[in-house]
Amino acid sequence: ELRAGYGEWSVKLNTVFDISGKRRFTLKKNIAVAPFLESVPITIDGVLDEWSGFPSIHLGKNEQLLEERKTNTWRSDDISAVIKVCADKSNLYIAADITDDVPEINPYKDGEIWRGDGIELYVGFNGPRTDNWYGDGDFQIGLTPGYNEIQPFCWVWKVGKLNKRFDSAQIVSKKNNKGYTIEARLPVEELGITPLQAPMLLGFD
């Protein structure tokens, strides 16, 4: 879920990632392929050049807005994003190229970052589920670009178990002429997840 302008808009896309550098699954769901890195890790610097050619999810259509946010006046140059994901055995990597006419406005701290600009990920390491509650392998992860003296950081929520800063995560945000980028490395060990492997199917929202 991508929020912008103090939550004036929300964009949501249901999908599932196949972490595999070799093959794609054909399923009757929204599927994106997330390359599995065998050796060279992603450099977290907010510059997304090395993500060129990676499969992407585009958030920028009116039908992707939450029902309560839909309006005829919304435009993709107000808020939209291109999201890319890859992984190695120890980390999930996220890259977001965000178009935002009023970028990087998130003065909130800790678990309140959902109220401002940034990205919220819902990741199911045990695969996609149709239940409307969290399972053991399901996490909500917030990534904020920060604001003024507040540096970018990640927060992780898991109902009844976690509500804390994602201490081992590495995140960089860079403002540009159309919005900003977010790039992050999320070590899965801190979440209690065993090493990732390919092929692997993740629930993702």
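Residues are numbered from 1 along each chain as its sequence is written, and side-chain values use heavy atoms, with hydrogens and water left out. Because the model is predicted, local features need pLDDT of at least 70 and side-chain atom pairs count only at pLDDT 80 or more, while totals for chains, interfaces and linings use all residues.

Five strands form an open sheet in the order 5-6-7-13-12, with antiparallel pairing. Strands (E, at least two residues) and helices (H or I, at least four residues) are DSSP runs, numbered from the N terminus, and two strands pair if DSSP finds at least two bridges between them. Strand 5 (57-59) and strand 12 (170-176) stand at the edges of the sheet; each has a single partner strand, so one side of each is left without a neighbour in the sheet. From one strand to the next the twist averages 15 degrees, where axes are lines fitted to C-alpha atoms (for helices over the stretch in contact) and angles run from 0 to 180 degrees between N-to-C directions. Ala 95 has Glu 183 in strand 13 as its bridge partner.

Strand 8 (residues 118-124) and strand 14 run antiparallel and are joined by two bridges. Gly 203 in strand 14 is the bridge partner of Gly 124. Of the five residues of strand 14 (residues 200-204), four are buried; buried means under 20% relative accessible area, exposed over 50%, and partly exposed in between (1.4 Å probe, protein chains only).

The largest nonpolar core has 37 residues, of which Leu 121, Phe 125, Ile 141, Leu 143 and Leu 186 touch the most other members. Strand 6 (residues 79-87) supplies the largest share of this core, five residues. A second, separate core has nine residues, including Leu 48, Trp 51, Phe 54 and Ala 95. Such a core is a set of buried Ala, Val, Leu, Ile, Met, Phe, Trp, Tyr and Cys residues joined through side-chain atoms within 4.5 Å. In soluble globular proteins, nonpolar side chains tend to be buried together. Leaving aside neighbours within four places in sequence, Ile 141 is in contact (heavy atoms within 4.5 Å) with residues including Ile 119, Leu 121, Trp 155, Phe 166 and Leu 186.

Gln 140 is found in strand 9 (residues 138-144) and is buried, with a relative accessible area of 15%. With neighbours within four places in sequence left aside, the contacts of Gln 140 include Glu 120, Tyr 122, Tyr 134 and Trp 157.

By the rule used here, four salt bridges are counted; each is a side-chain nitrogen of Lys or Arg within 4 Å of a carboxyl oxygen of Asp or Glu. In one of them, the side chains of Asp 97 and Lys 178 meet at 2.8 Å, N to O. Asp 97 lies in strand 7 and Lys 178 in the loop between strand 12 and strand 13, so the pair ties together parts that are 81 residues apart in sequence. Lys 164, Asp 167 and Glu 190 are linked in a network of salt bridges. The closest N and O atoms are 3.7 Å apart for Lys 164 and Asp 167, and 2.5 Å apart for Lys 164 and Glu 190.
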